[in-house]
Amino acid sequence: QAFEERWTKWSACPEHSFANAFMAARCAAVRVVLQTAGREPVSLITEPETSIYALKVAICSLWQVPAECQQLTLGRRPLSDDEQLSDHAHPAEAEPSLPLLLAVAPEELRRRAGHADAEEREVAARALGPAALAGDEGAASAVAALLEDADSAAVREHALRTLAALACGADTSGSGPGAAAGVGSRGLVLGAAGRQLQHQEGPVRRAAARLLLLAAGGAGDAGAVRETAGAPLEHWDGDVRRLAVDALGQLAAPGDAPMLAELAARLEDPECRVRLAAAGALARVAAAPGDVRALAGAGARLEHQAEGVRRAALRALLGAAERGDRRLVDAVTVRLEHRRACVRQTAAAALGLVAERGDPYVVSAVVARMEHRYHEARKAALEALVQVVDTGDEHAVNALSLQLEHRTGYVREAAVKALARVARRGDRDIVDAVSNCLEDEEGPVRLAAAGALAEVAAKGDGHAISAVSRRLEHKDPKVRRAAVQGLAHLVEKGDAHAIDVVTMYLHHRSGEARDAAVRALAVVAGPDDAHALRALHALLEHAGGEVREAALRGLAQVSARGAGHALEVLGRFLEDGDRAVRRAAAEGLERVAGRGDARAIAAAAACLAHLEPEVRRSAAWALLRVAERGSVCAVAAVAGHLEHPRGEVRRLAARVLGLLSRRGEAHGIQAVALRLEHAEGEVRRAALRALLQVANRGDRTAISAMCLRFEHESGDVRQAALKGLALVAERGDGHAVAEVVSRLRHPRVEAREAAVKALSLVADRGHGPTISAVSALLDDGADEAREAATRALVHAAERGDMR
């Protein structure tokens with residue numbers, strides 16, 4: 001078709017010969033061979049009528065060099081845009097070939113590299129590559145500047161590829177080595193990458209980091225390392241430091257001592273991301289797994305005060321050595337002895353990560369730390385041991401069992417605690433070994449053994465219970481206490497077997513053993529435990545007082561608060577013939593009933609009338625323990641004993657009232673004053689003794705209560721009231737004078753006579769207020785009152801008093 005078209009066109013012209021028309025029609029295509037610096041020649045087949053400008057557009061699509069920046073030459077002659085290829089094709093050739101040389105105008109590309117449009121910059125980045133590879137330093141600098149383009153990832157990518165190719169001697173398409181790249185260009189690229197690594201924009205920094213890796217000649221490239229290990233590592237921005245550390249991890253030669261030291265120092269960076277990068281980089285730069293310098297550098301950071309640094313150091317250790325490596329284990333275990341708790345804790349936790357579980361070497365190293373003189377180091381070793389062994393690990397258990405015989409108490413304590421964590425529950429040998437530690441001379445060891453029993457023996461383990469219970473009869477009270485604590489850890493409340501074992505010791509010949517059994521019973525039996533109560537009630541019938549005492553104390557321990565059955569039993573044993581039993585009953589009443597319980601008060605008060613003096617004294621002591629001071633219930637119950645036919649009971653009641661009631665309280669005074677009206681003189685005298693206990697001198701309630709008895713029909717009562725008034729009223733007391741004078745008007749002559757007598761008790765002769773009060777009655781309408789007033793004045797006034 002092209003031939004026909006050309007034939008028609010050329011044959012229509014009269015000046016063209018047939019031969020020329022035929023040859024022109026044959027030239028249906030032209031081969032253009034393009035050559036440019038930094039690229040392999042490319043052949044293009046195109047039509048002869050193609051203009052030079054259209055060819056430039058095609059070249060732009062091929063090599064991304066803008067048409068405006070292209071200069072095509074044929075030989076030495078530059079071609080203009082409006083020329084056509086046919087103008088230069090040889091008509092005698094069937095397929096003419098035109099060798100064209102492409103030159104790029106760098107000034108235009110550099111101008112475009114600074115354009116605001118990202119697409120323009122991208123075009124410039126692509127087009128500048130060949131010029132830079134051809135040795136154009138200006139083009140190389142322009143490409144390096146494009147590396148910091150913060151807006152376009154495509155621009156940075158093309159700049160990065162160009163610079164990497166420039167440094168490595170490869171073209172941007174990766175098609176082959178470029179002869180123009182040299183050492184100087186590579187230094188320029190590395191320098192640019194090092195500078196851009198500190199750029200304020202993150203994408204630029206990341207591109208620079210990639211360029212460093214691409215441009216470097218492999219691990220150990222001194223130039224790349226120098227650019228990375230300088231200012232970027234000290235930059236204020238953590239992301240810059242992280243990128244630099246990452247790059248160092250890939251650029252430094254394996255085993256490079258200065259770089260290992262530098263990376264280890266970066267484990268202390270204030271930012272977590274930098275520390276994590278340093279941990280990974282340190283592991284990559286290590287010469288081999290277990291590199292001593294890498295382990296030493298990271299291990300030293302395990303002692304840092306910042307937790308983040310210690311974690312990064314641990315991560316680096318795990319990366320620098322294989323799990324179970326002895327050098328790694330040693331680097332960690334030595335930190336179990338560090339003076340700072342945080343370092344010890346980190347080391348204990350780390351050991352579980354760096355060591356193989358059950359490794360005898362690790363177990364021996366950790367157990368050896370349990371002999372350390374500092375408690376904190378032993379504690380850290382204990383925590384570490386739990387991390388590196390499984391429960392029941394034979395090697396660990398045997399090593400710790402040997403430590404139970406160590407001469408130093410704190411080592412034995414640590415061994416007991418460790419056994420509790422690693423021994424298999426229910427192992428009888430371990431149970432016996434730990435039980436033996438209850439008799440250790442060191443208190444902390446005994447305490448640790450008591451707690452460890454709960455871990456090495458199952459709850460309710462009969463063998464363990466028997467082994468521990470035997471220590472209840474030990475001569476050392478500290479051992480007995482440890483046994484009680486051990487039982488508390490071993491048994492559930494209400495365990496019948498434990499209750500039976502413990503109650504056996506309640507009738508032990510040793511009082512200390514019985515005391516320990518009582519404490520243990522409180523531990524193993526729940527409140528109102530039926531099994532324990534049956535066992536205790538049986539012991540209450542024992543002939544031995546010490547057994548009954550122990551049983552009562554046990555009853556008080558296991559009975560619920562306010563339990564009626566316990567109060568009844570304890571009240572009954574207040575009358576026991578054994579003083580210790582009575583005392584135990586009194587203490588038990590207080591424990592079970594609590595202060596103020598009416599049942600306990602009634603039980604104790606009833607025993608105040610017992611025939612045996614010891615019982616009465618025990619009852620009084622118990623009453624004071626169970627009754628609150630001033631209790632109305634208790635005062636009434638004791639005051640009733642003031643009427644008892646036996647004098648010793650009345651006297652005890654008076655003393656107890658004084659101890660039990662608060663002085664001046666009305667209910668106590670009224671209860672005592674009521675007994676002044678008793679027909680028996682002994683009772684009235686007891687009431688007077690009690691009055692001194694419950695009333696203060698000058699107490700108005702007591703004075704009024706005494707004066708009220710002046711009106712009693714019994715002369716003995718009135719006489720007792722006069723004695724009582726003398727005890728509680730002071731001379732000249734205005735209230736007492738008023739109360740007495742008011743009785744001078746009483747219709748009963750006996751009351752008036754008592755008032756006249758009382759006046760001499762409460763007022764001195766010549767006392768003005770008294771004389772005035774009595775004189776006022778001389779005008780009273782009642783003859784009896786005037787008569788009583790006259791007789792009273794005889795007692796109240798001095799002879800010759802003119803008033």
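# Salt bridges and helix contacts in a predicted model

Modeller: Asp237, Asp239, Arg241, Arg242, Asp246, Asp269, Glu271 and Arg273 are linked in a network of salt bridges, a salt bridge being a side-chain nitrogen of Lys or Arg within 4 Å of a carboxyl oxygen of Asp or Glu. This is a predicted model, in which local features need pLDDT of at least 70 and side-chain atom pairs count only at pLDDT 80 or more, while totals for chains, interfaces and linings use all residues. Residues are numbered from 1 along each chain as its sequence is written, and side-chain values use heavy atoms, with hydrogens and water left out.

Biologist: How many salt bridges does this rule give?

Modeller: Side chains of opposite charge can pair when their charged atoms come close. With the cut-off stated above, the count of salt bridges comes to 21.

Biologist: Asp237 forms a salt bridge with Arg273; is Asp237 buried or exposed?

Modeller: The closest N and O atoms of Asp237 and Arg273 are 3.9 Å apart. The pair links distant parts of the chain, 36 residues apart, with Asp237 in the loop between helix H10 (222-229) and helix H11 (238-251) and Arg273 in helix H13 (residues 272-285); helices (H or I, at least four residues) and strands (E, at least two) are DSSP runs, numbered from the N terminus. Buried means under 20% relative accessible area, exposed over 50% and partly exposed in between, with a 1.4 Å probe and protein chains only. Arg273, at 37%, is partly exposed, whereas Asp237, with a relative accessible area of 14%, is buried.

Biologist: Which residue forms a salt bridge with Glu271?

Modeller: The N to O distance in this salt bridge of Glu271 is 3.9 Å, and the partner is Arg241. Glu271 lies in the loop between helix H12 (257-266) and H13 and Arg241 in helix H11, so the pair ties together parts that are 30 residues apart in sequence.

Biologist: Where does Arg301, the salt-bridge partner of Glu268, lie?

Modeller: The side chains of Glu268 and Arg301 meet at 2.8 Å, N to O. Glu268 is in the loop between H12 and H13, 33 residues from its partner, and Arg301 is in helix H14 (residues 292-301).

Biologist: Why do H13 and H15 count as roughly parallel?

Modeller: Angles under 35 degrees count as roughly parallel, over 145 as roughly antiparallel, 65 to 115 as roughly perpendicular and the rest as oblique. Axes are lines fitted to C-alpha atoms, for helices over the stretch in contact, and angles run from 0 to 180 degrees between N-to-C directions. The axes of H13 and helix H15 (residues 307-320) come within 8 Å, and H13 and H15 are therefore roughly parallel, as they cross at roughly 20 degrees.

Biologist: How many nonpolar residues does the contact of H19 with H21 have?

Modeller: The axes of helix H19 (residues 375-388) and helix H21 (residues 409-422) come within 10 Å and cross at roughly 20 degrees. Contact means heavy atoms within 4.5 Å, and among the residues that meet are Leu382 and Leu385 in H19 and Ala414 and Ala418 in H21. Ala, Val, Leu, Ile, Met, Phe, Trp, Tyr, Cys and Pro count as nonpolar, Asp, Glu, Lys and Arg as charged, and the others, Gly among them, as polar. By class, this contact has 1 polar and 4 charged residues, and the nonpolar ones number 7.
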